[in-house]
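Work through the exercises below with the sequence and the structure open side by side, and try each task before reading its solution.

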Amino acid sequence: MRRYLVIGLTLLANISTATEADTDEVCVNDHRSVTKSIETCRRVLADKNLPLDTEVNASINLIALYTRNGDFELANQMDARLNNQLDKELLTPEQAFNYLRRSGILAYRQGEYAQSLGRFQAAERIAEGEPQQARVFNDLGTVNMAMGQFSDALSAFQSSLKIKQSLNNPISTAVTFNNIGTVYLKMSEWSEAELYFKKAADIYRDNDASSRLSHTNENVAKALFNQSKYLQAIDVLEDSLSYHRESQDRTAMLRVLIHLSEIYLALGDPESAEGHLKLASVIDTELGQNAQSILLKLVMGKFLSKQGEFQQADALLNAGLAAAKTASAPETVNEFYDALIANAEVYHRWQTSAGYLKSKAQFASSQFQQTYDEALARVRTEFEYEQQQQAYEILAQKHQIKALEANDRKHQLIWLTAFSSLALILLMLMIRYQQLKRRTEKQELNSQVELHRSQVNALGVSLDSLQTAMSTLHQAMLVADNHDRVIFANQSCCAMLEMSSEQLDSLELNNLITTENESFWLSLSSDSELDELRFHDIRLNTPVGEKLCQLEVSHVDGTGSVTVIRFMQANDDSLPHATALLSETEFHQLLVDLMVYTVESWEQSTQQSRIELAEQSGIWRVSIDEGRLRTRSLDRYLSIRSLPKKPRWREVLRTGHYVLAECELTKERREELDAKLERVNQHLHARALL
């Protein structure tokens with residue numbers, strides 16, 4: 001267990017890093033939805049007149065999307081298709097490199113490490129430029145570490161580290177330091193692991209990467225723990241626990257609490273261990289079955305053993321052992337066997353201890369056989385690859401001979417086609433130059449645009465999460481979009497209204513809540529902030545006739561503004577949930593300044609009005625007043641006098657990030673808008689409003 005947590009986390013990070021896009025995303029038009037991107041790629045590939053270059057790039061992207069989505073069968077079909085094109089030398093060097101990496105990642109995700117290693121080695125041979133080399137060395141380090149080839153893993157990670165340091169990329173460098181530390185941790189070289197983890201932590205601290213720093217400190221604590229530096233490990237983990245509490249990361253809190261409990265047990269402080277285990281058990285119950293549940297059983301089993309509860313400890317450890325075997329976690333399985341053996345020996349159950357020792361030996365034998373089979377498969381793959389390379393060389397020589405013969409024939413016609421060929425070449429070079437120029441500009445802006453788009457999403461609430469939460473409520477809940485159309489109703493709502501979900505889906509709200517309910521419609525159309533506002537004696541138009549009820553209405557900020565309506569019986573006197581929001585003059589002025597500057601930037605960049613900004617962003621409601629389009633809710637944020645008492649600051653921030661992501665601004669205006677966003681964020685953090 002001392003190494004399992006950090007090893008699992010680092011391997012997961014390596015896989016995520018390895019699956020970042022490296023090709024031109026010719027068909028990935030929605031970075032927030034893998035399913036939509038897959039559909040777009042399929043439509044692109046359905047075009048029979050598609051250029052080969054576009055077809056190859058779309059196919060490479062489709063392998064990455066299928067892999068990310070866990071559709072391995074479809075990914076393997078596309079992989080076989082591209083491998084055939086690779087054999088026929090139809091791919092450019094860059095396409096061949098990107099395909100081999102994607103193919104290697106696909107094999108890695110399916111546990112086929114030997115095949116994955118062969119693909120990554122092939123990618124290494126054709127890598128051009130330091131960025132490609134850094135990525136493929138990281139891939140090689142990850143798969144070698146998974147195969148237990150630690151010296152090869154260290155060599156690959158060190159090569160990647162050297163390149164990343166020359167490229168002056170501190171965060172990426174810190175990731176590689178973490179990878180190297182993880183290898184040393186698996187090799188039980190604790191001091192070396194501590195050294196590299198601390199190097200990574202220093203970089204994250206200097207670059208204000210708080211989340212990464214917190215997780216890296218957990219790795220530092222693992223290394224300290226294995227060197228019996230318990231008090232230092234506790235100090236580091238307490239800092240991480242404090243950060244996870246502030247960020248409300250319950251999974252990370254559970255992970256840290258489990259490790260703290262183990263340290264306190266090692267220190268001989270069962271009371272502190274018990275307190276942390278109780279809190280960990282509460283969180284584990286809240287989260288349900290998760291990756292940490294097995295480790296929690298291990299530590300709790302050790303605790304029960306020290307408390308003299310042999311039977312309970314034995315039962316709990318056996319349950320955890322079965323789960324660890326199911327999860328294919330050999331290191332954790334060995335720790336469970338060690339704990340079971342120790343528990344039996346403490347209470348002089350020698351026959352039981354001998355049985356566990358025998359089972360552990362059998363398990364070790366099976367693991368050795370598996371490791372041997374993987375090593376044999378690796379050697380076989382390398383041998384097959386060498387044979388394949390020889391076949392490629394022979395085929396290339398044949399192609400070269402044919403090309404020379406074709407050139408001899410072409411030379412006979414050169415004097416007839418010289419001028420036209422020259423003109424065509426120049427035109428192609430100009431087109432290629434423009435393509436490369438646009439590609440370079442796109443790559444330079446891609447990271448910044450994606451950052452702002454992700455912040456636009458992060459500031460809103462997910463409709464999926466809202467639906468999931470409401471589906472479990474007994475109250476009758478309905479959600480309408482900013483066009484007053486029903487987009488979700490839970491089962492309680494359908495039952496109360498005696499309507500099916502199909503009848504309610506996309507229903508115009510005024511067909512359910514008639515316009516005779518003037519107080520409701522006046523409040524809804526006023527663009528005021530509604531927070532659990534109750535309306536009495538509301539008449540509803542349902543298929544079974546008119547119904548009389550009460551409504552409780554709230555606005556919720558999301559990817560688009562939505563209205564949440566709670567339906568109650570006419571005689572329901574339950575009180576609404578009380579909320580309290582801070583309101584400060586300085587904060588209001590910051591919001592108004594940001595909104596005014598954002599609208600000015602939009603209008604200057606796009607030559608369009610704020611009506612188009614509201615429509616295209618989907619953040620603000622656009623209404624029709626006296627035959628004219630108006631943006632009442634947006635306009636209220638352009639003046640301190642008209643600003644709502646409870647302003648929707650998330651929508652203001654999302655609008656700023658939307659303009660940064662979608663508009664071509666001057667350097668000075670972009671920096672000023674960034675600065676205004678940062679001032680609002682700092683104010684929000686200071687007042688605990690986020």
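Predicted model: local features only at pLDDT ≥ 70, side-chain atom pairs only at ≥ 80, totals over all residues.

**Exercise 1.** Determine how α9 and α10 are oriented to each other, and which residues meet where they are in contact.

*Solution.* Begin with the axes: those of helix α9 (residues 170-186) and helix α10 (residues 190-206) come within 8 Å and cross at roughly 165 degrees. Angles over 145 degrees count as roughly antiparallel, and α9 and α10 are therefore roughly antiparallel to each other. Next, list the residues on either side: α9 contributes P170, I171, T173, A174, V175, F177, N178, I180, G181, T182, Y184 and L185, which meet W190, E192, A193, Y196, F197, K199, A200, I203 and Y204 of α10. Sorted by class, this contact of α9 with α10 holds 15 nonpolar, four polar and two charged residues.

**Exercise 2.** Decide whether S353 is buried or exposed, and find the residues with which S353 is in contact beyond its neighbours within four places in sequence.

*Solution.* Locate the residue first: S353 is part of helix α18, which covers residues 350-411. Its relative accessibility is 3%, and because buried means under 20%, S353 counts as buried. When the neighbours within four places in sequence are left aside, the contacts of S353 are I341, A344 and E345. With E345 there is also a polar contact between the two side chains, at 3.4 Å.

**Exercise 3.** Compare S228 with H348 by stating where each lies, what its phi is and how accessible it is.

*Solution.* Then place them: S228 sits in the loop between α11 (210-226) and α12 (230-247), whereas H348 sits in the loop between α17 (330-346) and α18. Finally, turn to accessibility, where S228 at 47% counts as partly exposed, while H348 at 55% counts as exposed, because the cut-off for exposed is over 50%.

**Exercise 4.** Describe the protein chain as a whole: how many helices and strands are there, and what percentage of its residues is buried?

*Solution.* The secondary structure comes to 29 helices and seven strands, and buried residues make up 45% of the 690 residues in the protein chain.

Key:
Residues numbered from 1 in each chain as written. Heavy atoms only, no water. Axes fitted to C-alpha atoms, helices over the stretch in contact; angles between N-to-C directions. Helix = DSSP H or I, 4+ residues; strand = E, 2+ residues; numbered from the N terminus. Parallel < 35°, antiparallel > 145°, perpendicular 65-115°, else oblique. Contact = heavy atoms within 4.5 Å. Nonpolar A, V, L, I, M, F, W, Y, C, P; charged D, E, K, R; others polar. Buried < 20%, exposed > 50% of the residue type's maximum accessible area, 1.4 Å probe, protein only. Polar contact = N/O pair within 3.5 Å; in protein donor to acceptor, adjacent residues only side chain to side chain.
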